[in-house]
Amino acid sequence: MRMYDLIMKKRNGDTLSKEEIEFMVNGFTRGEIPDYQMSAMMMAVYFQGMNEEETLYLTMAMAHSGDMLDLSGISGVKVDKHSTGGVGDKTSLALTPMVAACGVKVAKMSGRGLGHTGGTIDKLESFPGFSTEIDEQTFLDNVNRIGMAIMGQTADLAPADKKLYALRDVTATVDNMSLIASSIMSKKLASGADAIVLDVKTGSGAFMKKEADAFALAQEMTKLGNNAGRKTYAVISDMDQPLGAAVGNALEVKEAIDTLQGHGPKDFTELCLTLGSYMLLAAGAANTCEEAREQLIQAVERGDALAKFAEFVEAQGGDKTVVFHPEKLPRAAIAEEILSEQEGYVSHIQCDEIGICSLILGGGRETKDSEIDLSVGLLLRKKKGDFVKKGECLAVIYANDREKLEIAKKRFLKAYTITKEMGEIPPFIKGVILPQS
Ligand code: URA
């Protein structure tokens with residue numbers, strides 16, 4: 001088999017076989033197929049597409065290109081959740097203990113933030129001593145013992161995807177549905193969970209700006225998961241404005257704690273309850289969504305979800321007293337209100353710009369080796385549909401550097417559109433794709 005022939009085949013619009021896709025993925029992972037040939041193949045795929053079978057073969061080949069995590073040592077159904085990423089997305093922090101408090105095991109691999117979106121691991125590092133660099137045995141033991149663990153993604157998990165994604169990133173071949181779906185699902189399949197709940201975001205802060213694209217991606221990923229023998233659900237949710245009010249690592253941890261105490265923002269609480277319901281259903285811990293939702297609400301009201309979070313923080317080396325005293329979280333030196341320059345309704349928020357404001361303040365990473373400032377960020381006081389008077393507070397900005405604060409503030413004000421009319425507020429949960437649909 002020659003890579004040259006496979007590139008020509010795809011370029012001409014023909015279908016690649018399972019053996020050809022495995023040859024290509026394995027050869028590329030081992031370094032036998034050079035980047036320039038793989039780049040040409042990715043561009044051919046970009047223009048010609050891949051059918052359902054080809055996408056599944058690609059996903060499986062990438063999933064098997066490194067370690068496949070074996071979770072069989074954990075009793076019961078193991079459920080994972082994945083978000084396609086957004087601004088203020090602290091969902092794993094609140095959702096995982098809520099679900100674990102209902103008796104469902106969550107073994108989660110998470111990443112760090114890059115660009116305008118934040119990462120769960122960075123947020124968790126707001127707890128002094130906390131580590132996600134735990135070994136596989138500790139990870140399994142913790143899930144068995146307390147029902148949850150969150151671990152940093154290891155280098156050996158789907159290495160083909162890691163290499164291929166880096167190449168796609170510099171060859172303008174990221175935004176192809178088959179390539180995105182196989183990239184995300186290869187990592188999820190290698191992570192070993194029995195069931196997966198996907199949170200597919202859409203809007204100005206999401207990867208998929210258009211709702212129709214988010215639905216198509218969700219369909220593609222659920223099909224891949226279910227065809228690979230994992231019960232997979234997808235929830236399509238709004239990312240046309242930041243999730244909740246907090247954007248920035250320690251601020252988001254505080255908001256997750258508030259939510260675990262039952263007084264989190266409405267949209268964020270709704271997302272946790274929706275995703276959590278499908279996680280409970282997937283694990284067979286509830287028979288209906290309503291029943292699952294009630295279990296999650298009870299876990300919060302009884303204080304079990306917050307206690308589970310504290311148990312988890314402690315099990316991974318963190319200071320659990322911070323969970324009950326969030327005032328001990330990292331705090332920025334400056335807190336300043338951003339005042340509205342106009343009167344009217346907030347009709348649009350350019351969501352990715354809010355993520356970039358946090359990045360400018362030092363809360364995100366521009367390259368994978370950047371140091372981040374856990375204390376900085378923004379707390380939104382007004383969101384879409386809210387009425388604001390001239391001079392009223394739109395958000396509080398937290399910074400450690402006056403110059404960065406001024407740059408971020410200017411950008412923040414430009415990201416808000418304030419109009420006389422209220423405009424339409426689209427639904428927050430846009431749809432759900434069930435395993436059989
Ligand atoms: N996230 C991934 O992991 N892969 C993609 O291709 C796009 C987003």
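**Entry 1: strand β9 and its partners**

I started at V247, which stands opposite L378 in β9. I am working with a predicted model here. V247 made me look up its strand: β6 covers residues 246-247, and two bridges join β6 to β9, the two running antiparallel.

Next I checked the other partner. β9 is also joined to strand β11 (residues 393-399), this time by four bridges, and this pair runs antiparallel too. Here I found L380 opposite A395 in β11.

Which way do the residues of β9 point? I see G377 and L379 pointing one way from the strand (residues 377-380), with L378 and L380 pointing the other way. In a regular strand the side chains alternate between the two faces of the sheet. I also noted that G377, L378, L379 and L380 are all buried.

**Entry 2: K162**

I then went to helix α8 (residues 159-169), where K162 is found. Is K162 buried or exposed? K162 has a relative accessible area of 56%, so I log this lysine as exposed, the cut-off being over 50%. I also looked at S183: it lies 21 residues from K162 in sequence, and their C-alpha atoms are 8.5 Å apart in space.

**Entry 3: a negative patch**

Which residues form the negative surface patch? I listed D67, D70, D135, E136, D141 and D156.

Methods: Residues are numbered from 1 along each chain as its sequence is written. This is a predicted model: local features need pLDDT of at least 70, side-chain atom pairs count only at pLDDT 80 or more; totals for chains, interfaces and linings use all residues. Side-chain values use heavy atoms; hydrogens and water are left out. Buried means under 20% relative accessible area, exposed over 50%, partly exposed in between (1.4 Å probe, protein chains only). Two strands pair if DSSP finds at least two bridges between them. Patches are made of residues with over 30% relative accessible area and no salt bridge: like charges are joined within 9 Å, nonpolar side chains (Val, Leu, Ile, Met, Phe, Trp, Tyr) within 5 Å. Accessible areas come from the Shrake-Rupley method with a 1.4 Å probe; for residues, only the protein chains shown count as cover. A salt bridge is a side-chain nitrogen of Lys or Arg within 4 Å of a carboxyl oxygen of Asp or Glu. Lys and Arg count as positive and Asp and Glu as negative; His and the chain ends are not counted. The place of a charge is taken as NZ of Lys, CZ of Arg, CG of Asp or CD of Glu.
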